[in-house]
Amino acid sequence: MAQRSLKNGVVNLEQKRNWNFVFLVLTCFIFSTCFAKNKPQSGGSNSAMYASEKPRQPMDQTFNINNWGFGSADRKTLMQIKSKIDSLYGPKSTPTVCPQDGWVRYGNFGYLIINIRTLKWSDARRTCQMLGGDLAIIKSAAENNFIFSLLKKQKTITDWGLWLGFVRKADNKFYWIDDTPLAKGYTAWGSGEPNNAGGNEKCGNMFGSAGGKWNDLPCDVDPAKLWKYAPVLLCKKKQIS
């Protein structure tokens with residue numbers, strides 16, 4: 001029994017290391033594509049700079065997946081990450097703002113769902129920030145319904161739906177990422193929520209069903225037991241008129 005427990009512990013540790021590497025690949029690629037290739041050069045006006053700038057050449061693919069030591073499930077998820085990034089930056093995409101494809105406008109904001117399970121709320125937020133946005137702050141029932149309609153269009157909808165941009169702070173109250181208390185605005189909690197099950201549900205998500213209702217959830221989902229339920233990413237950013 002002890003030997004089996006040790007073996008399982010080693011496997012789980014290796015899985016966590018692999019997922020850290022996956023997220024590092026995704027983050028580094030987004031950063032290099034969105035910022036390094038569009039970094040302004042010094043000297044001259046903006047109009048002169050863009051006038052002399054060579055057209056961006058479309059890429060055949062964003063990165064190759066070789067034998068990186070992942071199991072079949074991990075490789076499948078990495079392929080999903082690659083497919084999503086390729087759809088944003090592939091040959092048919094020549095965005096002037098990074099990224100452009102995939103964002104859906106609603107009012108003065110753009111919304112993007114990256115339909116890949118993400119185990120950590122902090123990783124989800126960091127990815128959105130790298131894309132020029134952040135996790136969503138929802139201010140009305142109409143906006144909530146719009147976001148849920150986007151979620152329902154995804155090929156894969158997990159039980160825990162998608163991450164939202166609010167957290168529980170030291171006073172045991174929830175706040176949006178702009179420090180606005182949830183209690184002072186629109187909310188859409190599910191039945192019996194928030195319940196802080198286990199005493200560690202400090203982040204927020206929208207259920208994949210139940211009409212877009214909200215839930216409190218641990219900020220770090222256990223990959224060994226709860227991977228299939230993990231939320232996906234929803235990013236929101238201000239649109240330029």
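**Exercise 1.** Is Cys219 buried, partly exposed or exposed? Determine this, and then describe the disulfide to which Cys219 belongs.

*Solution.* The model is a predicted one.

Step 1. The relative accessible area of Cys219 is 28%. Buried requires a value under 20% and exposed a value over 50%, so Cys219 is partly exposed.

Step 2. The partner of Cys219 in the disulfide is Cys203, and the two sulfur atoms are 1.9 Å apart. This pair links distant parts of the chain: Cys203 lies in strand β6 (residues 203-206), while Cys219 lies in the loop between β7 (214-217) and α6 (223-226), 16 residues apart.

Step 3. Cys203 has a relative accessibility of 1% and therefore counts as buried.

Step 4. The torsion about the S-S bond of Cys203 and Cys219 is about 95 degrees, and the disulfide is therefore right-handed.

**Exercise 2.** How many disulfides does the structure hold? Describe the one formed by Cys128 and Cys235.

*Solution.* Step 1. The structure holds 2 disulfides. In the one formed by Cys128 and Cys235, the sulfur atoms are 2.0 Å apart.

Step 1. The link joins distant parts of the chain, with Cys128 in helix α4 (residues 121-130) and Cys235 in strand β8 (residues 233-238), 107 residues apart.

Step 2. The angle about the S-S bond of Cys128 and Cys235 is -80 degrees, and the link is left-handed.

Step 3. Cys128 has a relative accessible area of 0% and is buried. Cys235 is likewise buried, with a relative accessible area of 0%.

**Exercise 3.** In which order do the strands of the open sheet stand, and which are the edge strands?

*Solution.* Step 1. The open sheet is formed by 4 strands in the order β1-β2-β8-β3, with antiparallel pairing.

Step 1. An edge strand pairs on one side only; here the edge strands are β1 (104-106) and β3 (134-135).

Step 2. Strand β2 (residues 109-114) pairs with β8 in the antiparallel sense over 6 bridges. Phe109 stands opposite Lys238 in β8.

**Exercise 4.** How many residues of strand β4 are buried, and which strands pair with β4?

*Solution.* Step 1. Of the 7 residues of β4, 7 are buried, so the strand is largely enclosed by the rest of the structure.

Step 1. β4 and β6 run antiparallel and are joined by 4 bridges. Leu164 has Gly204 in β6 as its bridge partner.

Step 2. β4 also pairs with β5 in the antiparallel sense, over 3 bridges. Val167 stands opposite Tyr175 in β5.

Step 3. The hairpin of β4 and β5 has 5 residues between the strands, and in this hairpin Asn172 takes a positive phi near 70 degrees.

**Exercise 5.** How far apart are Gly208 and Gly161 in sequence and in space?

*Solution.* Step 1. Gly208 belongs to the loop between β6 and β7, and its relative accessibility of 14% makes it count as buried.

Step 1. Gly208 and Gly161 are 47 residues apart in sequence, yet 3.7 Å apart in space, C-alpha to C-alpha.

Step 2. Beyond four places in sequence, Gly208 is in contact with Gly161 and also with others, including Phe148, Leu151 and Trp160.

**Exercise 6.** What is the average pLDDT of the protein?

*Solution.* Step 1. The average pLDDT is 75, and 57% of the residues score at least 70.

Step 1. Over residues 1-11, pLDDT stays under 50, and the model has 0 contacts beyond four places in sequence for them. Over residues 89-99, pLDDT also stays under 50, but the model has 25 such contacts.

Conventions: Residues numbered from 1 in each chain as written. Predicted model: local features only at pLDDT ≥ 70, side-chain atom pairs only at ≥ 80, totals over all residues. Heavy atoms only, no water. Disulfide = S-S within 2.5 Å. Helix = DSSP H or I, 4+ residues; strand = E, 2+ residues; numbered from the N terminus. Buried < 20%, exposed > 50% of the residue type's maximum accessible area, 1.4 Å probe, protein only. Pairing = 2+ DSSP bridges. pLDDT = per-residue confidence, 0-100. Contact = heavy atoms within 4.5 Å.
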